[in-house]
Amino acid sequence: MTEAAKAPTLAKFASPVDRFHLELEPLKEAGAKLAGIYCVFAPVELVRAAGAVCVGLCGKKQAPIPEAERVLPANLCPLIKSSYGYAATGTCPYFNATDFILAETTCDGKKKMFELMNRIKPVHMMRLPTDKSPEAQALWLAEMHRLATFLAERTGQAVTDEALRREIALQNRIRRALLDVAAFMSEARPPISSLDLMGVCESRTFVLDQEAYLDDLLALRGELEELRAKGSSPYRQGAPRILLTGTPVGRGSEKVLRLLEDAGAVVVVLENCTGIKGVVGLVDEDAADPLEALAKRYLETPCSCMSPNTGRFALIDELARQFHPTGVVDLVWQACHTYSVESHDLGRHVNDTLDLPFLKIETDYTESDVEQLRTRVEAFLELQTN
């Protein structure tokens, strides 16, 4: 990577914990309830329409995992262990501030872990279907209604269509703004680094004041336009362009992203649910039933918990057309069985349909395999420059 000017607004996304504490105090004084969320299937519009606010919870660092392994099996997904470890040790400021947790059955490991977490904080479990059939749509809509009832009991405020439509419109604007910012990575020399973009996307769930977050996104978009006009970029011309797909990454679990950057690549798009996957697709703002529209949009999320998960392949095809990657890296956390199984067919699709090289990396949060991974990453990138 080369030295380049940075957009000033990026500093606002750099330390979400400080921002969270500043925003939390007045909300708590006003009596607002705080819901903790872990997954992009959690409908933030519904939470906010009930008068609550929501915040993403920690689960992307190695530090609390040893404590979690006192209860959980060692050969479990690191994301699950880290999430529980933070809760059990009380070292996640977001978790400590929550009044309740919104959970979802995206995998069996998380489902069973949430049973244990329920002993620490109240947990509301959303029973997620595993397909998108009419029956699944009906089940998911029923879960939305059940969540609305739960939220009303917790906040004392019933969800109205008017409030729900207002929150849907806001989140749609945020999604559009995030996609606009991410689109800068389609440039031959993007004006923002993929690590900085990761922080921008991840901050979405840690910022309580969503209107202010939207304002910051719009300001960032303007600054990136200026940097692009000046030709400023942290990347050299002709750097390998990587589409990174698979399991979530974030602050603390970004080692593969860093290895790609250190080796001279530009990660032009993060397809995973902490990146593009969580913001593609808008809620129909003109639908007769806003809750049904909300349910439909969230069930379209192309997660590997869906069977079949054709939406992920279609999304990767679309992203390949927009961002012009020279290779695809599939990151799978150890013991994440759905993503691991899906990787085989995805690799064939990337090779045969997109005619791109494909690399599957299966790892955990530790640094023990960094040098081995570095060798594999460098060899993979070298194939794209010969």
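Rings of Phe, Tyr and Trp (for Trp, the six-membered ring) are said to pair if their centres lie within 6.5 Å; planes under 30 degrees apart count as stacked, over 60 as edge-to-face, and the rest as tilted. In the present structure, Phe20, Tyr94 and Phe206 form one aromatic cluster.

The structure is a predicted model, in which local features need pLDDT of at least 70 and side-chain atom pairs count only at pLDDT 80 or more, while totals for chains, interfaces and linings use all residues. Residues are numbered from 1 along each chain as its sequence is written, and side-chain values use heavy atoms, with hydrogens and water left out.

**Aromatic rings**

By the pairing rule, the count comes to seven aromatic pairs. One of them joins Phe41 and Trp140 in an edge-to-face arrangement, with 6.5 Å centre to centre and 85° between the planes. This pair links distant parts of the chain, 99 residues apart: Phe41 is in the loop between β1 (34-37) and α2 (44-49), whereas Trp140 belongs to helix α7 (residues 134-155). Helices (H or I, at least four residues) and strands (E, at least two) are DSSP runs, numbered from the N terminus. Both Phe41 and Trp140 are buried; buried means under 20% relative accessible area, exposed over 50%, and partly exposed in between (1.4 Å probe, protein chains only).

A charge sits over a ring if NZ of Lys or CZ of Arg is within 6 Å of the ring centre and within 35 degrees of the ring normal. Two examples follow.

| Charged residue | Ring | Distance from ring centre |
|---|---|---|
| Lys121 | Phe95 | 4.8 Å |
| Arg297 | Tyr298 | 4.9 Å |

**The sheet**

Four strands, in the order β6-β5-β7-β8, form an open sheet with parallel pairing; two strands pair if DSSP finds at least two bridges between them. At the edges are β6 (266-270) and β8 (358-363), each of which pairs on one side only. Within the sheet, β5 (residues 241-246) and β7 (residues 327-333) are joined over five bridges in the parallel sense. Gly246 has Leu331 in β7 as its bridge partner. Helix α13 (residues 310-323) packs on the sheet and touches β5, β6 and β7, where contact means heavy atoms within 4.5 Å.

**Glu187**

Glu187 is found in the loop between α8 (161-182) and α9 (194-203). With a relative accessible area of 26%, Glu187 is partly exposed. Leaving aside neighbours within four places in sequence, Glu187 is in contact with Arg228 and Arg241. Glu187 and Val268 are 81 residues apart in sequence, and their C-alpha atoms are 8.8 Å apart in space.

Definitions and conventions: Axes are lines fitted to C-alpha atoms, for helices over the stretch in contact, and angles run from 0 to 180 degrees between N-to-C directions.
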